[in-house]
Amino acid sequence: MAGHSKWANIKRQKAVVDAKKGKTFAQLSRAIIIAARSGVPDPSANFQLRTAIDKAKAADIPNDNIERAIAKGAGTFGGDSSNFEAIRYEGYGPGGVAILIEALTDNRNRTAADLRAALSKRGGNLGETGCVSWMFDQKGVCTVHGVKNEDQLLEASLEGEAQSYEMTEDKIAEVFTEVTNLELLTQTLKDQGFQVTDVELRWIPTNYVEIADPDQGRSLLKLIDTLEGLDDVQNVTANFEIADSLLDVIMG
């Protein structure tokens with residue numbers, strides 16, 4: 001909707017205002033552990049691991065930390081008995097906003113308790129599995145910087161079997177594809193000379209709740225901040241949108 005910030009745009013503006021590095025060392029290291037454990041611990045043969053390592057390097061995580069995380073995932077790091085697993089939690093925020101929370105945890109009970117407390121404190125609640133996930137589709141997303149020719153981007157996207165793309169800012173595009181096609185799309189865009197700065201799996205809402213009240217907007221953003229601040233949480237997605245003018249007021 002023109003003049004409205006959907007979730008991906010809200011996240012981008014939030015990141016700038018928060019002046020955060022992004023994910024913490026611990027969160028990025030856990031992503032490497034899971035990726036190494038779910039496939040071969042060789043980034044050249046494991047796209048998920050390669051992507052996790054790229055994000056860790058972009059956040060200036062030392063190579064020693066990265067190698068240690070790979071070893072933990074491969075089970076070759078002596079003395080480490082942690083067993084992280086990826087879990088998706090679902091719940092509601094103020095105004096019935098749907099929230100998906102992706103976590104990596106070695107203790108389900110602790111994580112669920114932390115999430116339940118955070119949601120309750122901010123006017124939300126933790127729901128049952130499946131209560132909101134039907135309102136989201138998971139897609140593979142490539143973020144491309146420095147797009148000089150949109151026609152060339154379209155051609156490369158089609159060649160890489162993308163479903164769609166969106167120019168989000170001046171010379172910045174997001175290219176969407178099926179989850180199973182993300183590696184092919186990423187490589188195709190790179191082969192065509194495009195600067196792919198981020199590769200991720202993203203939950204995309206199929207419908208949105210429009211927020212018009214600034215107090216409710218602040219409550220939602222504080223809730224997201226609280227959830228993202230939990231050690232076990234990797235990513236939070238919600239289905240609300242806020243008019244750009246209102247978002248400026250809330251975050252100003």
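Predicted model: local features only at pLDDT ≥ 70, side-chain atom pairs only at ≥ 80, totals over all residues.
I started with K171, which at 43% relative accessibility counts as partly exposed (buried is under 20% relative accessible area, exposed over 50%, partly exposed in between, with a 1.4 Å probe and protein chains only). K171 lies in the loop between β6 (164–169) and β7 (172–177); helices (H or I, at least four residues) and strands (E, at least two) are DSSP runs, numbered from the N terminus. K171 is not a glycine, yet its phi is positive, about 65°.

Residues are numbered from 1 along each chain as its sequence is written, and side-chain values use heavy atoms, with hydrogens and water left out.

Next I looked up D60, which also is not a glycine and has a positive phi of about 65°. I found D60 in the loop between α3 (47–58) and α4 (63–74). D60 counts as exposed, at 51% relative accessibility.

Then I turned to helix α5. Which residues of α5 are buried? I noted T111, A112, L115, A118 and L119. Seen down the axis of α5, the buried residues fall within an arc of 135°, so they line one face of the helix (the arc is that of the directions from the helix axis to the C-beta atoms). They pack against β2 (85–92), β3 (98–105), β4 (125–126), α8 (214–228) and β10 (233–238), where contact means heavy atoms within 4.5 Å. On the face turned away from the buried side I found the exposed residues N109 and K121.

I checked what follows α5 too: G123, with a positive phi near 85°.

Cysteines came next. C142 is buried at 0% relative accessibility, and C131 is buried with a relative accessible area of 19%. How many disulfides does the structure hold? I got zero, a disulfide being a pair of cysteine sulfur atoms within 2.5 Å.

Last, the whole protein. I counted nine helices and 11 strands. The radius of gyration is 19 Å, close to the 18 Å that the globule rule gives for 252 residues, so the protein is as compact as a globular protein of that length; the radius is taken over C-alpha atoms, and the rule is 2.2 Å times the number of residues to the power 0.38. Of the 252 residues, 43% count as buried.
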